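Please look at the sequence and structure shown here before reading on.

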Amino acid sequence: MNTLNSLSSSRRGWLLAAVGLSATSAVLWFTQAGGPALNRLGDRPSRHLDAPYRYPFFVSTSGSATARLEQEIAHFQERVRQMPAQSVAQGLEQSALALGYLKMARLTGQSHWYLLADQTAQEALRSMPEHPEAIAVLARVAEARHDFDQALALAAQLDGSKEALSVQAAVHLARGNLVAAAEAGDRLVDQTLSPAAFTQQALVRAAQGDDEGALQSFQYALEVEEAGDLGSAARTRTLLGRFYYERGQLDLARGLYHEALRILPSYLPARLNLAQLALRQGRYGLAAQYYRQVEDMGSAATVYEPLVQRGQARLKPLQHQPAQAEIHWANAELQLRQTLAETSAGSSAFGFGHRRDLARLLLERGRPEDTAEVLALMEAEVKQRRDADTLDTYAWALAQMGRWQEAREVVQAAIALGTRDAALCDRAAQIEEALGNPAQAAAYRQQMLEIDPQFDQNARYAAGLGIGLGG
């Protein structure tokens, strides 16, 4: 209850009242209290972002968030040097330093900070073999690398703590174990009532197809925000913007992305999602500008680089630059293969390559000679991940091989998760058409438009180029 105690009495009373309401009642209560009508997804969003979505605290322009975090890291680096080698005191400082590195990794997306976080946490455990803060950092790094078995094993050592529940919720979500993800996410909310907990809960509810519940959780995340937690505030708005993007409310999505950048100008996921939005709307010059900004802001390798290259590869043919597109395809493939090889090499290397990302790149590029490799990649990937995005990519790979009945079974398994995804319904419709089932294809098209009334060829072309709700 520490989080509640730190809130103002009015905000605390609001939250205590709201969490006791049903999803429908809580959202309607918020609307009547002056907030936006979050449950009316068909409404045309305002050109200007409504007040409840805006960050309510002062955002300093005197120094960047990365600069402040660099100062924090420098402080703990000096503290580590001052402590006796491999002492408990040094272990404590190393744990704090590892957490600082992890914060920087999340803020910048730069992979070397994840490596430093991992190495420093390992060093802390040499002095303090079961120190929970160091174990939590290692679990978070394993989660980021999609080493899900390791992440869960480490989380199990944390004995139901908020760090353990957060990792478990994220990993189960990625694996499509939505019941387990919901259980962990709800327990996390009960423990902390924090913005991060409510945002995690929102992601799980969205994956279950509970749009109303997801919006309720997103709103709670905004309501319990406190001054200074800029990274969490930017992330929540970016993910909420993505939620609205996937339901065709593009103006509101854009406003939330821009609000995330007002809070944290260096937040790359928001800029990448703006690039995707611009591409979908046919604003190709603007999309190219956002991609250039992401590249210019990356002074070191980031986990987003292959996505930037893929986005540019999709963009260049629309700008009548096919040769440039081939360069970007090649760059993205090289980066993904390199990091995938590093990931597969084990503890001697430290990569962030993911099979699904490489498979999707090869599918988007559309070379027939790549289809066998794509299928092999996805057959391996679905043994570890079975969320809707992964199953959709697997179904796409099977369809490219002409294995339509198997593709149908996989896409139906994805739909059975409950996730409301217009692109997934579009894939299902294409498969049904190939199988000669026009009535079923039409039903899926209707579902597609119910989810996203603006879903069209441009939306189809831009699919997969943003930072999504599933990560």
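Helices α4 and α5 are roughly antiparallel to each other (angles over 145 degrees count as such), because their axes cross at roughly 160°. The axes of α4 and α5 come within 9 Å; axes here are lines fitted to C-alpha atoms, for helices over the stretch in contact, and angles run from 0 to 180 degrees between N-to-C directions. The model is predicted: local features need pLDDT of at least 70, side-chain atom pairs count only at pLDDT 80 or more, and totals for chains, interfaces and linings use all residues. Residues are numbered from 1 along each chain as its sequence is written, and side-chain values use heavy atoms, with hydrogens and water left out.

**Overall make-up**

The protein has 25 helices and 0 strands; these are DSSP runs numbered from the N terminus, with helices (H or I) of at least four residues and strands (E) of at least two. Of the 471 residues, 54% are buried, meaning under 20% relative accessible area, while exposed means over 50% and partly exposed lies in between (1.4 Å probe, protein chains only). Among contacts (heavy atoms within 4.5 Å) between residues at least 6 apart in sequence, 62% join residues at least 24 apart. The accessible surface of the protein is about 20100 Å², and carbon and sulfur atoms account for 50% of that area.

**Two helix pairs**

Two packed helices are described by the angle between their axes and the distance between the axes. The pair α4 and α5 crosses in a left-handed sense, that is, the near helix is turned anticlockwise from the far one by less than a right angle. On the α4 side, residues including L69, I73, F76 and V80 take part in the contact, and they meet a set in α5 that includes L97, Y101, M104 and L107.

Helix α16 (residues 284-297) packs against α17 at an angle of about 155°, with the axes 10 Å apart. That angle makes α16 roughly antiparallel to α17. The crossing of α16 and α17 is left-handed. In α16, Y284, A287, A288, Y291, V294 and E295 form the contact, and their partners in α17 are V308, Q309, G311, Q312 and L315.

**Helix α6 and D118**

Helix α6 covers residues 111-127, 17 residues in total. From first C-alpha to last, α6 reaches 26 Å, close to the 24 Å expected at 1.5 Å a residue. Its buried residues include W113, Y114, A117, T120, A121, A124 and L125. The buried residues of α6 pack against α4 (65-82), α5 (88-108) and α7 (132-144).

D118 is also in α6, and D118 is buried at a relative accessible area of 18%. D118 and V137 are 19 residues apart in sequence, yet their C-alpha atoms are 7.1 Å apart in space.

Note on methods:
Areas by Shrake-Rupley, 256 points an atom, 1.4 Å probe, with all protein chains shown as cover. Expected span 1.5 Å × (residues − 1). Parallel < 35°, antiparallel > 145°, perpendicular 65-115°, else oblique.
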